[in-house]
Amino acid sequence: MADEDLPNFDANLDSMDDTNPSKEHTEEEATDCEMIILPDGTKRWLPTCKSECTRYEGQQFATLEDGLAFYRAYAITVGFDIRKGTMRMNREGKVHIKYMLCSREGFKPPKKGSNTVNDMVNPTQPKKRKRVSKRVGCKARIVITRCKTGNYTVHAVELWHTHCLCSDIGRPFLKINRKLDIGHKIFLANYARANIGTTKSWTLYKEMVGSFNDIGATSTNFCNFRRDLLAYIAGADAQMVVEDMYKNKEANPDFYFDFDLNEDRQLCRLFWADAISRKNFACFGDVMSFDATYSMNRYKLVLVPFTGVDNHKRSITFGASLIAREEVESYEWLLKSFKTAMGYTPRCTITDQDPALKVAIPNIMPETRHRFCMWHIMSKVGDKAGPALAKNVEFKKALNNAIWDETLSATEFELKWAKVMQDYNLVEHRWFNQLYEAHASWIPAYFQDILMGGLLKTTSRSESENSYFGKFTNHHCSLVEL
């Protein structure tokens, strides 16, 4: 390309001709901005800085990257953003000419159909948010060309801006000064595992570094990184989790896990138990409780932790699982994996009245007593008995005395139950009859031969564990963040 084809920036205004880009500045001179007013009333701004930071025509660079880095450093010093412009290649496929522009160069072109007439014609069409453009037609730029020797030279440069430059206070928030380094990314990843959002993470990062100017990024940058990270791992999320499980297995042979895929080759079931969980079950696995909690991830997989009680009455975890559906097939697969990992089954397990569990537990663990959670049952009494009995204090007292009394034998419970049903005309009540038919699965009198520990009547410990896990997860979490 001939030199005459390149743009000529030498035809500056007379008032600008006296400005020498390579003029020496004293060491004590601070970065400032010089403004002039042209005869037509328009204003121009010239950033002033040390001579070694200012570009000038004919300046040589070994590589194009060095020239771009020098212009970027200059923009950071004086306070304006830059963006890439035109780039042309030569026949050898190397960059022959490269433009770097002020970010406020040019004007934003109007979008088609963005006038008010179209809005009146199609009132039902959703309105798009109007973005204010910051472009003001600024001419500040640099043009770098390739020499015959292979080096790069500054062919043309324009220093004057048609807008004032950024102040010292707002300079850290320029896009050119905002970049997430490896420290930011590790910080965000760690806080995401603790279920702390990006905006709150940004505020906490400010407390660590001292001020918002020292963060090096805005809350939007934090949110965008989180968004891009989830988009990056979207297609390989399940594979990454399985690979992590294999790594844990290699590091600790006592770590156990199993997974299953559906017909679309997607992860639908996952069970894992580490060495400590398996040891806890060997010591305190006589009684177990498990309850499926709500969806804790973006794939709506349900978390199912297995909970027990140690000799200090503290809740301990025997294992955990993720399942796509709460159905008989999923629970049977889950219980088989649990049985394989632990080697034997507990004497008693407590769950809610899930119909799938009523089928899966007897099929996979026939030697295990299945007990229903009393709290789930008693919480429905008010709705099932009707509004009159729900407010009857004597009815509640008589029913609780028959159900919650741990000292009653099986015969005494049946007598008290029959009396309550007769006194309050509930003998033919369908729901209470169903409860009585299953009384051996939830009344304390029928479990006096089993030491229940801290899981005597309800799945409250499982509910507590689910609530604890819920503090560190949300429905936006990916699998690798669980």
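**Close-up views of helix packing, core and loops**

**View A. Helices α4 and α5 are oblique to each other.** The two helices, α4 (182-193) and α5 (198-209), pack at an angle of about 125 degrees with their axes 10 Å apart, where axes are lines fitted to C-alpha atoms, for helices over the stretch in contact, and angles run from 0 to 180 degrees between N-to-C directions. Angles under 35 degrees count as roughly parallel, those over 145 as roughly antiparallel, those from 65 to 115 as roughly perpendicular, and the rest as oblique. The model is a predicted one, in which local features need pLDDT of at least 70 and side-chain atom pairs count only at pLDDT 80 or more, whereas totals for chains, interfaces and linings use all residues. Residues are numbered from 1 along each chain as its sequence is written, and side-chain values use heavy atoms, with hydrogens and water left out. Helices (H or I, at least four residues) and strands (E, at least two) are DSSP runs numbered from the N terminus. The crossing of α4 and α5 is right-handed; a crossing is given this name if the near helix is turned clockwise from the far one by less than a right angle, and is left-handed if the turn is anticlockwise. At the meeting of the two helices, H184, F187, L188 and Y191 of α4 are in contact with T198, S201, L204, Y205 and M208 of α5, contact meaning heavy atoms within 4.5 Å.

**View B. The buried residues of helix α6 pack against α4, α5 and α7 (237-251).** Helix α6 covers residues 219-233, and its 15 residues reach 22 Å from the first C-alpha to the last, close to the 21 Å expected at 1.5 Å a residue; the expected span is 1.5 Å times one less than the number of residues. Its buried residues are N221, F222, F225, R226, L230 and I233, where buried means under 20% relative accessible area, exposed over 50% and partly exposed in between, with a 1.4 Å probe and protein chains only.

**View C. The largest nonpolar core has 27 residues.** Such a core is a set of buried Ala, Val, Leu, Ile, Met, Phe, Trp, Tyr and Cys residues joined through side-chain atoms within 4.5 Å. Y71, Y74, V78, F80, I82 and I142 have the most contacts inside this core. Two or more of the core residues come from each of α2 (64-78), β5 (95-102), β6 (141-146) and β7 (152-158), and α2 gives the most, with 5 residues. For I142, leaving aside neighbours within four places in sequence, the contacts are R55, Y71, K98, Y99, M100, V154, A156 and V157.

**View D. Q59 is a buried residue, with a relative accessible area of 9%.** Q59 sits in the loop that joins β2 (43-48) to β3 (60-61). If residues up to four places away in sequence are not counted, Q59 touches T54, F70, Y152, T153 and V154.

**View E. R269, in strand β9, is buried, with a relative accessible area of 7%.** R269 and L322 lie 53 residues apart in sequence, while their C-alpha atoms are 5.6 Å apart in space. With neighbours within four places in sequence left aside, R269 is in contact with D258, F259, D260, L322, I323, E327, E329, S330 and W333.

**View F. R265 and K313 each have a positive phi.** R265 is not a glycine, and its phi is near 60 degrees; this residue belongs to the loop between β8 (256-261) and β9 (267-273) and is exposed, with a relative accessible area of 65%. K313, which is likewise not a glycine, has a phi of about 65 degrees and lies in the loop between β11 and β12, where its relative accessibility of 53% counts as exposed.

**View G. Helices α14 and α15 are roughly antiparallel to each other.** Helix α14 (residues 393-403) and helix α15 (residues 410-423) pack at about 160 degrees, their axes being 9 Å apart, and their crossing is left-handed. Here F395, A398, L399, N401, A402 and I403 of α14 meet F413, K416, W417 and V420 of α15.

**View H. The buried residues of helix α17 pack against strands β10 (287-290), β11 (302-309) and β12 (315-323).** Helix α17 covers residues 460-470, and its buried residues are R461, S462, E465, N466 and G470.
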